Amino acid sequence: MTRTRNALGAVRVGLATLLLVLCFPADADAAPPGIPDTATARTYLSELTVKTEGSMTGYSRDKFPHWITIEGTCDTRETVLKRDGTNVSTGSDCYPTSGSWYSEYDGVTTSDPSSFDIDHIVQLAEAWRSGASSWTTAQRQAFANDLDHSQLIAVSASSNRSKSDQDPSTWVPTRTAYGCTYAKMWIASKHQWDLAAQQAEVDELTTLLDTCA
């Protein structure tokens, strides 16, 4: 049964993200919410539908509206930059004026927010191939701006571009210490959004989970 949580995703962006905007600690870290423990991730992985990926026919990033306004002048990108940075200050337009960011994918640190991207853990194109092609626009918007689960993270632009639309069978973070966490986030997002996985993807995710302490 398709999870009803998907249909309610656009509404749920509201309260949780408002709390994020109002309650950022002074020192944050790049840890999206909802990362499961290893045992739960294994259970989630076993529950994913395993099948060959669909095609890219009809795909467009425009079919996943982002970044949307979260609160006031803050959009999704700015909200994640503030959440994942350290000692972040923002202007009246919500864009960071100071702070530092650490990219969990490759260990890069910066004080220039423009050099960081907001990565969709499960990319929009990957989601399309895995089931999102049949979603409504509202569902795709909720997915593309999901601040309630382990789906968005601030990382270096170079690591995000390297990742492109690859799944874990062909790309994992070069910072190997993050492989376990990356796998758990990927699995949790696919499980939350009832997205399928191909067998090679499942095999690599299993290997990554085996590295978890």
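**Close-up 1. The two faces of helix α3.** On the face of α3 turned away from its buried side lie the exposed residues Ala39 and Ser46, where exposed means over 50% relative accessible area, buried under 20% and partly exposed in between, with a 1.4 Å probe and protein chains only. This is a predicted model, in which local features need pLDDT of at least 70 and side-chain atom pairs count only at pLDDT 80 or more, while totals for chains, interfaces and linings use all residues. Residues are numbered from 1 along each chain as its sequence is written, and side-chain values use heavy atoms, leaving out hydrogens and water. The buried residues of helix α3, which spans residues 38-47, are Thr38, Ala41 and Leu45. Because they cover an arc of only 55° around the axis, they sit on the same side of α3; the arc is taken from the directions from the helix axis to the C-beta atoms. An α-helix has 3.6 residues a turn, so residues three or four places apart point the same way. The buried residues of α3 pack against α8 (179-192) and α9 (199-209), contact here meaning heavy atoms within 4.5 Å.

Close-up 2. Glutamate 126 is found in helix α5; helices (H or I, at least four residues) and strands (E, at least two) are DSSP runs, numbered from the N terminus. With a relative accessible area of 0%, glutamate 126 is buried. When its neighbours within four places in sequence are left aside, glutamate 126 is in contact with Glu53, Asp165, Asp167, Trp186, Lys190 and Glu201. Glutamate 126 and glutamine 166 are 40 residues apart in sequence, and their C-alpha atoms are 7.3 Å apart in space.

**Close-up 3. The antiparallel strands β6 and β7.** Strand β6 (residues 116-120) is joined to β7 by five bridges, and the two strands run antiparallel; strands pair if DSSP finds at least two bridges between them. Histidine 120 has leucine 152 in β7 as its bridge partner. Strand β7, residues 152-156, is mostly covered, since five of its five residues are buried.

**Close-up 4. The open sheet β3-β4-β5.** Three strands form an open sheet in the order β3-β4-β5, with antiparallel pairing. At the edges stand β3 (86-90) and β5 (109-110), each with a single partner strand, so one side of each has no neighbour in the sheet. Two bridges join strand β4 (residues 96-102) to β5, and tyrosine 102 stands opposite threonine 109 in β5.

Close-up 5. On a 1 Å grid over the protein atoms alone, a cavity is a set of points where a 1.4 Å probe fits but cannot get out, a pocket is an open set with protein on both sides within 12 Å along at least five of seven lines, and lining residues have an atom within 4 Å of a point. The largest pocket has a volume of about 250 Å³, a volume being the space filled by probe spheres set on the points, which are joined across faces, edges and corners. Of the 14 residues that line the largest pocket, Arg61, Asp119, Gln123, Asn160 and Ser164 lie nearest its centre. The elements that give two or more residues to this lining are β6, α5 (124-129) and α7 (157-163), and the largest share, four residues, comes from β6. The largest cavity, with a volume of about 30 Å³, is lined by Lys51, Thr52, Glu53, Arg129, Ser130, Ala196, Ala197 and Gln198.
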